[in-house]
Structure formats: structure tokens, C-alpha cells
Amino acid sequence: MRFACLGSGSQGNGLVVEVAKTRLLLDCGFTLRETVARLSRLGLDPTMIDGIIVTHEHDDHIGGVARFARKFNIPVWLTHGTLRGVGKTFSLLPVINIIDGYRRFSIGDIEVEPYPVPHDAQEPAQFVFGDGALRLGVLTDTGCSTPHIEAVLSHCHALVLECNHDAQMLANSDYPQSLKQRVGGRFGHLENTASAKLLASLDCTRLQHIIAAHLSQKNNTPLLAQTMLSDTLNCEIDWVGVADQSEGFGWRQLI
């Protein structure tokens, strides 16, 4: 099992998960040309993608889904609320699969466990991916943690964890007050301290990879996010990876 990122942040998101011969794309917030180029950087052709799973309807996560799915005849999985949120955008998709935010399902060789999160979208979900033995947990676009989130993400072998902003940087930013309240609110995005607190609540004894994701380019820095997570795990700061907006990150292997 391995995973890689096309890019992470407010300008576009995409994560690839691979188990045996199955490859899934989690979200696609890039143009068709950009998505193809970013996949190529990982050694992948679009025809090698077996499905697209969508977390929620915000444009940085679904902006490229419809064109990519139609162009390469790729099925899409999403919650009913997310489908309602995208409106007619997905009306011509080749195959749409509605998922329950609490019910596990499988796509080829990959087991998928969705779980609901607090975010300002219709029915947002995040996911844990597995192969029956190894588990990759992904959590971005949530304003706060919940006991259910903590239960689902415990015992993962890899985590892609939102560290969207530094609270002080956001407070001092030139964002209008309404946007500051949205980003920092219970249905916005996790800030560094909250991400570290969530991480501290998990059983991380099996953890092989930790990636800080969805960093704000204006209200955070990779070093701040890495420092917060490495202090929590009591590990070297360089062991904490960062999902970059332009580069994402390369393949990470789980063993």
C-alpha cells in the first residue's frame, strides 16, 4: 500500500491511494491539464485511476472532478449531501455512487471507511483507506475534532492531518473578520494547536508516516506545523512531512 499527493491547500487538492492494482483519487481540485501533469509526476496515467472519492463540494476539492471523470470514464463516490451541493455540475458523470458517511465499502483492492466531520458543507466526509492490514487516515477540512474522529483515526499506520493555520497569524492577518471567524470556527479548518491536540489523543504506536496538510499559504508555515506535530510525537522535525500546494508529496510506502 502506498499513497502520494497531487497538491494540498486552498488552490487545489488531490491524493492518490494505491493497493495492488487499484488506484483511487481522493478529490480533484485542479484543471484537467494540471491533474494529468501532476499524475504524470507520480508516474501515473489517468487511465490508471479506478475511481474518484469526493470529500465535499468546495471548489478546491471538486473543481476538476467532473471534467476528469468524463474525459477518462471514471466512476465517482460521494455522499448524497455532497451531490446535492454540487448541483448540476455532476449531471453528466459516467457513474455516480452514493455513499453513507458511516458505512464502509470496497473499491477493488481498497477498503474505504468514511466518517463525517464538522465543516461548512452539505454532508462532508473524510476517509480511512486500508488493505485489510494497513490503514491510511486522512483528515482535512474540519473545524474541530470529535470523539468519533479520534476513534476512527486511532491505530492508523499513516496520517494526512490538516494543519491549516496558526491562530495568531490568522488573528493578525488582513482577512476580513467574517473570514477569520469562518476559518477559525467549529465548521472551518483545524489550526496547528488543535491538530496537535487531536494527534495526542490518538494511539500512534503503529504510525509510519505523518503528513501536515492543507496549510494556509498566508496564515501558516511548514515549520510551525512540523514543530507542533513533532513535539507531540516526540520525533525529529524532519520526520513530519508536509503536503505542499504546488508539489504535494511523492509516494509514501506502508509496510
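Modeller: The model is predicted, so local features require pLDDT of at least 70 and side-chain atom pairs count only at pLDDT 80 or more, while totals for chains, interfaces and linings use all residues. Residues are numbered from 1 along each chain as its sequence is written, and side-chain values use heavy atoms, with hydrogens and water left out.

Phe68 is buried, at 0% relative accessibility (buried means under 20% relative accessible area, exposed over 50%, partly exposed in between, with a 1.4 Å probe and protein chains only). Phe72, at 25%, is partly exposed. These residues lie four apart in helix H3 (residues 65-72), and are therefore separated by about one helical turn; helices (H or I, at least four residues) and strands (E, at least two) are DSSP runs numbered from the N terminus.

Three aromatic pairs are counted, where rings of Phe, Tyr and Trp (its six-membered ring) pair if their centres lie within 6.5 Å, planes under 30 degrees apart being stacked, over 60 edge-to-face and the rest tilted. The rings of Phe3 and Phe249 are edge-to-face, because their centres are 5.8 Å apart and their planes meet at 85 degrees. This pair joins strand S1 (residues 2-7), which holds Phe3, to strand S14 (residues 249-253), which holds Phe249, across 246 residues. Phe3 is buried at 0%, and Phe249 is buried at 8%. Phe68 and Phe72 form a tilted pair, with 5.1 Å between centres and 55 degrees between planes.
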